[in-house]
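Work through the two exercises below with the structure at hand. Each solution goes step by step.

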Amino acid sequence: MITEKIKFGTDGWRAIIAQDFTVYNVARVSKGLADWLLPQFKQPVVVVGHDCRFGGQLFTEITAKVLCANGVKVLLAKGFISTPMISMGVLMLKAQQGVVITASHNPPSYNGYKLKGAHGGPSSPKDIAAVEALIPEEVDMPTQSLAFWEEKGLLEYINLEDMYVNYLKEKFDFDTLSKSPFKMAYDAMYGAGQNVIRRLLPGAVLIHCDNNPGFNGQAPEPLDKNLKELAHTVATTPEIKIGLATDGDADRIGLYDGDGNFVDAHNIILLLIHYLHKYKGMNGKVVVAFSVTDRVKKLCEHYGLQIEVTAIGFKYISEIMVHDDVLVGGEESGGIAVKGHIPERDGIYDGLVLYEFMTKSGKTLKELCEEVYAIVGHFSYDRHDLTIDNDKKNAIIKKAADGGYTKFGKYGFNRTESIDGIKYHLNNGGWVMLRASGTEPLLRVYAEGNSKEETLDILEDVKKTIL
């Protein structure tokens, strides 16, 4: 049998279901994980679960069976769960590892395999590389049932949703939030967060909070272009003042203000720093991925907070959060972690923090954004994902790395950075970044300008230059 080498990207291994993401390949990865755990721990325990994506239960069961057959105890989540639920479960149940069967925000044809560490966040790049190196080309497929392993004491069922909801009840005053003058609309994008808001804020307007493993044909990524129904609902319902969206596994966030305007991750990171530091008196380092706006540096300078910039991939941020005192850690893609919670992205937790900010301050999301703009200035950001074949994608990145671009249409630049991808600092105060996706035939083009119109114009000039 010829088997492909399985590679983990910035956030797990992802592949197209039935093409490369097969039961056999999931068994191979699980065997690699078992072989990594067993020499290190006498009786390793792994928390395993899946989100709402197609085939989740099947792939979760084969993961559990392979781990059990190799002597690893499995705590198996009942029903679908979010990624933050697994991370929290690993930490609270003192397990050595967590596995989530999810492709996060990827298109419906994909599924994936995420590894979570004992600290309650993404496994470190070093540990992921070690597991990857141990994935065998061939694996013996287990024949015993889950009931067999349960009887042997190597499999135990757990309710992570209850554990997570009870935890949130300790963290937030839901009596106050449920009486908030600002009504919330929540779009689960058919993802794994759908039960949580229903249970905690029964007065919220729910959108796409039913089980649809194909996500109605759309990638469950909380971007403005994918959330038109939520935007319309917020904009046309006067009492709704905040629209919250989470992605397929509920670790990423998107927001709308009361007018139905999209509030992106850059603004959310700024709002969280502003609330936690200025209003709640909390301190700590701010850690952001390379693709996050430089306005975060400006806000940190204003508040005297240290900032660190990492490569793209939340695992790099989480690794710092384990060792350092971090106030906010976040990515441009909507994955954000905050102090006082686990070192993990959590769209629902972040949304509740900002809902608390609105409720306690009595100010709308728009008014709170204006408080931040008074410090860092107004700006606009957008990202275009260009679907191009890998050869062309790689050629563009090579040309950029070799200094082959001197300007993008009318937009010149004065310096470049290359922590992860190539970032061009434009003469108008904005920036452009080119970065190849590690898991898909995509070239990501990021841009920031002083207005929405300027940002879109920058993106058009970049596309004309590179394609």
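**Exercise 1.** In this predicted model, determine how far strand S4 is covered, and identify the strands that bridges join to S4.

Solution. 

1. Take the burial of strand S4, residues 97–101, for which buried means under 20% relative accessible area. Five of its five residues are buried, so the strand counts as mostly covered.
2. Look for the parallel partner. Strand S2 (residues 45–50) is joined to S4 by five bridges, and the two run parallel. Within S4, Gly-98 stands opposite Val-47.
3. Look for the antiparallel partner. Strand S5 (residues 110–117) is joined to S4 by five bridges, and this pair runs antiparallel. Ile-101 has Tyr-113 in S5 as its bridge partner.

**Exercise 2.** Describe how helix H10 and helix H13 cross, and classify the residues of their contact.

Solution. 

1. Apply them. The axes of H10 (residues 265–279) and H13 (residues 347–361) come within 11 Å and cross at roughly 55°.
2. Classify the angle. H10 and H13 are therefore oblique to each other.
3. Assign the hand: the crossing of H10 and H13 is left-handed.
4. List the contact. On the H10 side are Ile-268, Leu-271, Leu-272, His-274, Tyr-275, Leu-276 and Tyr-279. They meet Asp-350, Val-353, Leu-354, Glu-356, Phe-357, Lys-360 and Ser-361 in H13.
5. Sort the residues of this contact: nine are nonpolar, two polar and three charged.

Technical notes. Residues numbered from 1 in each chain as written. Predicted model: local features only at pLDDT ≥ 70, side-chain atom pairs only at ≥ 80, totals over all residues. Heavy atoms only, no water. Buried < 20%, exposed > 50% of the residue type's maximum accessible area, 1.4 Å probe, protein only. Helix = DSSP H or I, 4+ residues; strand = E, 2+ residues; numbered from the N terminus. Pairing = 2+ DSSP bridges. Axes fitted to C-alpha atoms, helices over the stretch in contact; angles between N-to-C directions. Parallel < 35°, antiparallel > 145°, perpendicular 65-115°, else oblique. Left-handed = near helix turned anticlockwise from the far one by under 90°. Contact = heavy atoms within 4.5 Å. Nonpolar A, V, L, I, M, F, W, Y, C, P; charged D, E, K, R; others polar.
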